[in-house]
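The sequence and the coordinates come first.

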Amino acid sequence: MKPEDLLYAETHEWVHVGDDDVATIGISAFALEQLTDLVFMELPSVGDMATAGEAFGEVESVKAVSNLYSPVDGEIIDANTEIVDNLESLGDDPYGAGWIIKVKLSSRDALDKLMDHAAYEKQCAEEA
Amino acid sequence: MTTEQLAQTPLHQWHVANGGRMVDFAGWSMPVQYTSIVDEHNATRTAIGMFDVSHMGRFVFTGPDAGAFIDSLTTRRVNNVGVGKIRYSLVCREDGGILDDILVYHLADSEGKEFYGMVVNASNREKIADWINQQLGDQDIGFVDKTLESGMIAVQGPKALEIVGPLCGTDPSTLKYYTGAITTVCGFDGCCVSRTGYTGEDGCEIICDADSAAKIWDEIFRAGQSVGAKAAGLGARDTLRLEAAMPLYGHELGEEINPVQAGLNFAINLKDREFIGRQAIVGFKADESQQVRVGLKLDGRRAAREGCKIQSGGNVIGEITSGTSSPTLQCPISMGYVEPGFSAPGTQVQIDNRGKLADATIVELPFYQRS
């Protein structure tokens, strides 16, 4: 997936919505660069419900713990358990192999609040 | 506090130009990391890590009674120790609560005139300066805060002395551990070079004029490239000191904690001397009911952080004061305080880690000791 084609949350998660209303969610390259030295990631269970704006997991670096926030509403239908043991490679392909969860959308309402790539780049430039 | 109001060290421009991620630390703009905490940590364990520690408070005391005066404020004997000696010590209140942990230097300048130096935590600089002024009264002792007119650089790691040595008038590898001298560094006169640090590695610290700090840093950094020296930020400084089980003020130490429960008996000298807090400390030495500082290793990969409660059989028996994922040991490590009955190495406890219980074991400190 190309970063230009994705939607972004203020909290640095990216979203790709497929034709089947399944949203794939990951963490942006910018956020990974800010986090650095990841040591642990906790994923939700398949079948759990994700709620837009609420934490679905957490990621821990040597320095600190950060929540992962869901940008969408729906049921979690898949979680990428392979990356948990390969956190150091997350940054190699954050928009592909580094996806974190897939959510079957129960509503598309939350998508309206997300940013396109240009708006997200602007936010990153302000934070950097 | 906005960035513009933060104090800047003489090395601020270097940090910004070299990718330092600047944060507010005790009112100073300081680099938390440049590239990766783990890389900077490992460089310090295997080669050299260079730390800007100019934010720490630096005081100078002069006059014939300076040593006796400082001695009256600190838990450890510092008066009449030999010239060149440096002592880790504690400044306590009358009730034994720790106001700061400090280094006291007994040095002689290039003309042989003796004086005492003190390095205090950045976060406690004003508090300790006020405390000193209060105790000083009208005694005829010179007391100057030199923090803003000087810089301080820590060069730490197994290759530190071989790189810094040739750049100094007095080679720090000829100095014993915890001693120092006034000498030239990179051609600048009047620098203090000491074999001290806060990482658990051998190495040295240099105190110099603010004007020469950037040049000295640059010269050591360039010389160190041949052995893999890296600039290291506060993030690596924290993981390094934690592995070495060195307490950090505001975490393992504070005004509600006394030196005995903190396990700092080596820094308490009671015999034939008086100092503020002595009577309280005598009492704490006999009190076996107080919580004590311990080290913990956790199962799993999740690190416990400051504030997590320590439990046994569902009862809270203590609290974590610092924690991280140890880059050297590759497991989560913590320090904290527990009820004395749970402090023996090997004791199994649980840590309430953000709502989930993790198993942990009390272990001997330090977690890491250089070979």
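How many bridges join S1(B) to strand S3 of chain B? Two bridges do, and the strands run parallel.

## Basis

This is a predicted model, in which local features need pLDDT of at least 70, side-chain atom pairs count only at pLDDT 80 or more, and totals for chains, interfaces and linings use all residues. Residues are numbered from 1 along each chain as its sequence is written, while chains are lettered from A and ligands numbered from 1 in the order in which they are written.

## Sheet

Three strands of chain B form an open sheet with mixed pairing, in the order S1-S3-S2. Strands (E, at least two residues) and helices (H or I, at least four) are DSSP runs, numbered from the N terminus; two strands pair if DSSP finds at least two bridges between them. S1 (7-8) and S2 (21-25) of chain B are the edge strands, each pairing on one side only. Gln8(B) has Ser29(B) in S3(B) as its bridge partner.

## Helix pair

The axes of H2 (residues 37-46) and H7 (residues 234-243) of chain B come within 8 Å and cross at roughly 55°. Axes are lines fitted to C-alpha atoms, for helices over the stretch in contact, and angles run from 0 to 180 degrees between N-to-C directions. H2(B) is therefore oblique to H7(B) (under 35 degrees is roughly parallel, over 145 roughly antiparallel, 65 to 115 roughly perpendicular, the rest oblique).

## Chain contact

In chain B, 13 residues are in contact (C-beta atoms, placed from the backbone, within 7 Å) with eight residues of chain A.

Definitions and conventions. Contact = placed C-beta atoms within 7 Å.
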